[in-house]
Amino acid sequence: MVFLSSASVLAAEQERYTYTLSMSDPVSYQVSEIPEKGREDVTLAWGGRIWAFTNEGNREAFRLDPEVYAPLFQGCDALSLAQGYRAEGLAKIYLVYDQRLLLFQSRENRALFLTAPDILLAKAQNRASDVKCGPYQ
């Protein structure tokens, strides 16, 4: 029984500290035409996650204001949230809207979100904490 408890704790620790955004640099979504892959030697722990960056300047920008660069809703799909349920967004299907990074689980969800972004964003914000896509811890 002790072995199972230790194994569960170890698995939770490993899951908690996997790279966020599939190792894409969160700052690059806003400063580059496409997201850039971060480096394993330029990382930062924030919000219970490990973030990778392409360079020290991007890491410092994130450190100073992580809420500006981290995806809204902890990376949950913004359209799904607006519809009242939780779905994980993908790092490669994204939108920078009103200077905030949003992730989506499909290109269709991204396109549907763009039909009424302000209304859907407000709905997603109201429902995020209900489905555990609220602020980073």
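**Note on the predicted model: cores, disulfide and salt bridges**

1. In this predicted model, the largest nonpolar core has 18 residues, and those touching the most other members are Phe-73, Leu-81, Leu-102, Phe-104, Phe-113 and Leu-121. Two or more residues each come from helix 5 (78-82), strand 3 (90-97), strand 4 (100-104) and helix 7 (117-127). Helix 5 is the top contributor, with four residues.

2. Leaving aside residues up to four places away in sequence, Leu-102 touches Leu-72, Phe-73, Ala-78, Ile-93, Tyr-94, Leu-95, Tyr-97, Phe-113 and Leu-121. As a general point, nonpolar side chains in soluble globular proteins tend to be buried together.

3. One disulfide turns up in a search of the whole structure. The partners are Cys-76 and Cys-133, with 2.0 Å between their sulfur atoms. The link between Cys-76 and Cys-133 is left-handed, at -75° about the S-S bond. Cys-76 sits in the loop between helix 4 (66-69) and helix 5, and Cys-133 in the segment after helix 7, so the bond ties together parts 57 residues apart in sequence.

4. Are the two cysteines buried or exposed? Cys-76 counts as buried because its relative accessibility is 0%, under the 20% limit. Cys-133 is buried too, with a relative accessible area of 1%.

5. The salt bridges number four. One of them joins the side chains of Glu-56 and Arg-39, at 3.9 Å from N to O. This pair links distant parts of the chain, with Glu-56 in helix 3 (residues 56-64) and Arg-39 in strand 1 (residues 39-46), 17 residues apart. Glu-56 is partly exposed at 44% relative accessible area, and Arg-39 is partly exposed at 34%.

6. Glu-60 is partly exposed, with 33% relative accessible area, and Arg-63 is partly exposed at 46%.

7. Glu-88 and Arg-86 also form a salt bridge, with the closest N and O atoms 2.7 Å apart. Glu-88 has a relative accessible area of 44% and is partly exposed; Arg-86, at 41%, is partly exposed as well. Elsewhere, salt bridges with shared partners join Arg-39, Asp-41 and Glu-56 into one network.

How values were computed:
Residues numbered from 1 in each chain as written. Predicted model: local features only at pLDDT ≥ 70, side-chain atom pairs only at ≥ 80, totals over all residues. Heavy atoms only, no water. Core = buried A, V, L, I, M, F, W, Y, C linked by side-chain atoms within 4.5 Å. Buried < 20%, exposed > 50% of the residue type's maximum accessible area, 1.4 Å probe, protein only. Contact = heavy atoms within 4.5 Å. Disulfide = S-S within 2.5 Å.
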